[in-house]
Amino acid sequence: MDSETIAPFATKRTTPLAATMTARAIDAVKFYTDAGDEPVHALDGVSLEIRAGEMVALVGPSGCGKSTLLNLIGCVDLPTRGTIEVDGRATSSLDDDALTGLRRERIGTVFQFFNLLPAMTIAENVGLPLVLQRVPRGEIDARVRAALESVGIYEKANAYPSQVSGGQMQRAAIARATIHKPAIVLADEPTGNLDSTSGANVLRLLRDVASNGQAILMATHSMDAAAVCDRVIRMQDGKIVA
Ligand code: ADP
């Protein structure tokens, strides 16, 4: 069990959004053809825009296409048709190296089950995006310290993921997802494996990230999580319905 205390709850944005477009889908279609004879229409003509500093919830029943959309914006996969733009660049027009660069530098991801590497300490996990960007060691150490302090777990820097609570693992995952100052943070059910107190604290941290000007797109089944977002996008059968 998690022993976190309740932090003051995050409030929604009250200042006007910056005009900067961070991610955009234009009539994006994704078919999967690997599962059998009939293609699966995971995304069926999705268009949306997400701006800097905006926190957006993506809701809908299992199988409606939320993870597929996160994977396309996260540059893990490319649309079958249509356009996905991240930070002003159309992902389908990029070669593998450029796509990897865009993913490493401009995107951060938070998962339901944290996805921390078990053989690395919390500090090493959080510093990984900077190692991949070949940032000098001294700068990594300073930025990891600041990132861990900002999510309130600096005292766990040298612990391994198995030695901390679920809430603390997700705080570390948020630090890892934001340490390289990405344009957008993609979160897939970030509170789905947490008790309500830890979940509320994770939402507060994500709101803090958005108030620093980064965009957040969060797939969630949680009404509490959707309620703290600036906007809720509803999906059904691969389409946006509201
Ligand atoms: P959600 O995240 O809303 O649960 P998904 O994006 O995971 O939805 O899935 C959308 C649809 O695409 C579902 O019908 C799912 O079974 C299918 N799907 C997802 N990934 C694959 C894949 N790699 N191969 C075949 N079908 C897939």
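1. Where does Arg-134 lie? In this predicted model, Arg-134 sits in the loop that connects helix H3 (122-132) to helix H4 (137-150). Its phi is positive, about 55 degrees, although Arg-134 is not a glycine. Most residues other than glycine have a negative phi. Arg-134 counts as exposed because it has 7 C-beta neighbours inside 10 Å, and the exposed class takes 12 or fewer.

2. Lys-181 also calls for a check of the backbone. Lys-181 is not a glycine, yet it has a positive phi of about 55 degrees. Lys-181 belongs to the loop between helix H5 (166-178) and strand E7 (184-188). With 13 other C-beta atoms within 10 Å, Lys-181 is partly exposed.

3. On the ligand site: the ligand is surrounded by 13 residues, and the closest are Tyr-32, Ala-42, Lys-66, Ser-67 and Thr-68. At least two residues of this shell come from each of strand E2 (40-51) and helix H1 (66-73). H1 gives the largest share, 3 residues. By class, the shell holds 5 nonpolar, 6 polar and 2 charged residues.

4. On the overall fold: the protein has 7 helices and 10 strands. Of contacts between residues at least 6 apart in sequence, 74% join residues at least 24 apart.

5. The C-alpha trace spans about 50 × 40 × 40 Å along its principal axes. Of the 242 residues, 42% count as buried.

How values were computed:
Residues numbered from 1 in each chain as written. Predicted model: local features only at pLDDT ≥ 70, side-chain atom pairs only at ≥ 80, totals over all residues. Helix = DSSP H or I, 4+ residues; strand = E, 2+ residues; numbered from the N terminus. Buried ≥ 20, exposed ≤ 12 C-beta atoms within 10 Å, placed from the backbone. Contact = placed C-beta atoms within 7 Å. Near = placed C-beta within 6 Å. Nonpolar A, V, L, I, M, F, W, Y, C, P; charged D, E, K, R; others polar.
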